[in-house]
Amino acid sequence: MNKWILNCLFLLSMTILFAQGPPITTESPYMLGLEGSGARTFGKYISKEDVVIYIQPIAIPYNISAKFQVGGIFPFKFITPEDSKTTGGFGDITLFAKYQLYKKDEIAKTFRILGFAKQTFPTGKTSATPAIGSGLYQTYIGLIIGKISTKIGVYGDFGYTITNKNASDNFTYNFSVGIPLVEPVYHKKQLNTFLEFNGNYVFDSEIHTLFISPGLQFIPARRILFETSFQIPILQQKITSNKTKFMVLLGTRFLIS
């Protein structure tokens, strides 16, 4: 009986813990639990010196098992150069897979490491001006790390992208700290704040960019959440023109089953 009570308390504490929600701009170490599948969509507005870009991706993850997740990202992209008309259409499709390499769950806290792979295909049209797609095959290999408790969540991901057609490879890294603004209580609404950093280094051109991304996340019910993030550049090394001024993200996620 005592063991059964302890197991119930453990499961309850984990449910409260995961009510914090995943990070906004950093890859998530969560595997959707036993829920099976979900969906995420968000609008991303990118303001540059000479152009405005709007991206609306739809991401659909699916759990093959408790440790293995696959999914796809299907983006729509709209580009509006200064003093010119908007070009829009379907962008480059990305398929991804996550595998849980390590997990240590304790009462009200967990630590996880996942392997992460993505393959992007050049499905977006390149004949238009400006081009919607990159025209490149891109293969990403990386790791996702998360250490989460009821008081704070610390997340990180980093990885290497290999490209074809002699385009430059690049290294991407993201870091996130999430803190609940209200006490996490089972079946109660949640409000979480995130401070994230998003970096990318392009090897051939030696272009290094880094953004600071404060964000807010609201979870009104068990199967849905809403989130927003405002990204500001703090480093745009060796970019002489068309620098990014800011980016705004507004989206939602929900569990399907």
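**Loops and backbone**

Modeller: Asn166 counts as exposed because its relative accessibility is 78%; buried means under 20% relative accessible area, exposed over 50% and partly exposed in between, with a 1.4 Å probe and protein chains only. The model is predicted, so local features need pLDDT of at least 70 and side-chain atom pairs count only at pLDDT 80 or more, while totals for chains, interfaces and linings use all residues. Residues are numbered from 1 along each chain as its sequence is written, and side-chain values use heavy atoms, with hydrogens and water left out.

Asn166 lies in the loop between β8 (153-163) and β9 (170-180); strands are DSSP runs of E with at least two residues, numbered from the N terminus. The phi of Asn166 is positive, about 60 degrees, although Asn166 is not a glycine. Most residues other than glycine have a negative phi, and most peptide bonds are trans. Ala108 is not a glycine either, yet has a positive phi of about 65 degrees. Its place is the loop between β5 (93-106) and β6.

The loop between β6 (109-121) and β7 (138-149) contains Pro130. The peptide bond that joins Thr129 and Pro130 is cis, with omega about 0 degrees.

The loop between β1 (38-48) and β2 (51-63) holds Asp50. Asp50 counts as partly exposed because its relative accessibility is 39%.

Methods. Helix = DSSP H or I, 4+ residues; strand = E, 2+ residues; numbered from the N terminus.
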